[in-house]
Amino acid sequence: ARRRRRRVGPPPAHRGDLGRLGSGDGGREMPMVQDMEFSSYYGRPVVKAPPWGAPIGLYLFVGGLAGASSLLGAGAALTGRPRLRRNARLTALAAVGVGTPALIADLGRPERFLHMLRVLKPTSPMSLGTWILSGFASTAGIAAAVEVDRMLAGRLPLGPLRPVLRCAEAPAAAASAALGAPLAAYTAVLLGDTAVPTWAASRRGLAYVFVSSATIAASGLALLTTPPAETGPVRALAALGAVGDVAGMHVTKAGMHPLEAEPLETGAAGRKLRWAERLAVAGGIGALLGGRSRVIAAASGIALATASALTRFGVLEAGLESVKDPRRVMIPQRERLEARRAAGVVDDSITTGPRRSADA
């Protein structure tokens, strides 16, 4: 207190202009630097965004639709629902027929897709995804070809190939069903394996979201194309998929840093994801309670399929938006680093090692 009283009054002459700062309450410390702003060289993003556009968003949607539809067709075959089996198999082939060209178009040059088939690299989600997609398309094509031949009462000019296709139908359907779940989920692993802040932070829950999203897409198309007499299990699956989709997205965002989750809740991506949640809830309730009506089932199916598409496009756009703000890269990383240091984790990486003193 005595020291503070002695400092009240005119500053000593030898302090110059610095002595005149403050108001006599001890707060004479002047800021030596400006408030820090997170920026990057020449205004460029800290992390470079992948050059993915609408074709990749379309592939994310139809890839999940194809994989889940194949699983749905396998279930219909086991439970004796021929129309549901046929529609699910045809949906799977149509979806993969749209998704493969979209993926190739985004690569820029078609031969790049073939180059990825030269080597199988288990540690690369892109390499594994290419092989999964190729195997799925081949087996789903065989199963769908048999269905088309049945629809046309054997009028396709198959000749001696017809009995071969009929014998290959069951193994091909089983193989496409086995590859369906990885096809629906691997794109989430692919996004989470990048350095894009929002995708990388959501890697623990995004696969659950994508599997649920694929489930409601396949269920929605089945409700739209199949009579209610065969869609009893589909209605229950649609309701479960809607719950998984909505709950999975909320749990995923809860485990992310607020800055990393921000693009999922704001802007165009946030609007898409909010509408996806509303449509998923409405479609799930409609399918569960009013699915016996063909009109309500069709409306619920459209809502569920639209919700799945909005989820995929929303997640894609949120990731591309997250790299534009350097804060979403720097602040979460710095806070995680400090948390690891505070927890005593200092021996697993050079970035988490103890800080050295100036004398060292």
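Analyst: Leu-288 lies in helix α11, which spans residues 267-290. In this predicted model, the relative accessible area of Leu-288 is 51%; because the threshold for an exposed residue is over 50%, Leu-288 is classed as exposed. Leu-288 also belongs to a nonpolar surface patch, together with Val-281, Ile-285 and Leu-289. The accessible area of these four residues together is about 410 Å².

A contrasting case is Gly-220, located in helix α8, which covers residues 206-225. Gly-220 has a relative accessibility of 0%, and it is therefore counted as buried, the limit being under 20%. Once neighbours within four places in sequence are set aside, Gly-220 is in contact with Gly-301 and Leu-304. A further relation in space concerns Gly-284: the C-alpha atoms of Gly-220 and Gly-284 are 9.3 Å apart, while 64 residues separate the two in sequence.

As to confidence, the protein has a mean pLDDT of 84, and 84% of its residues reach 70 or more. Residues 11-24 have a pLDDT below 50, and this stretch makes ten contacts in the model beyond near neighbours in sequence. The pLDDT is also below 50 over residues 356-360, a stretch with zero contacts in the model beyond near neighbours in sequence.

Technical notes. Residues numbered from 1 in each chain as written. Predicted model: local features only at pLDDT ≥ 70, side-chain atom pairs only at ≥ 80, totals over all residues. Heavy atoms only, no water. Patch = residues over 30% accessible without salt bridge, like charges linked within 9 Å, V, L, I, M, F, W, Y side chains within 5 Å. Areas by Shrake-Rupley, 256 points an atom, 1.4 Å probe, with all protein chains shown as cover. Salt bridge = Lys/Arg side-chain N within 4 Å of Asp/Glu carboxyl O. Helix = DSSP H or I, 4+ residues; strand = E, 2+ residues; numbered from the N terminus. Buried < 20%, exposed > 50% of the residue type's maximum accessible area, 1.4 Å probe, protein only. Contact = heavy atoms within 4.5 Å. pLDDT = per-residue confidence, 0-100.
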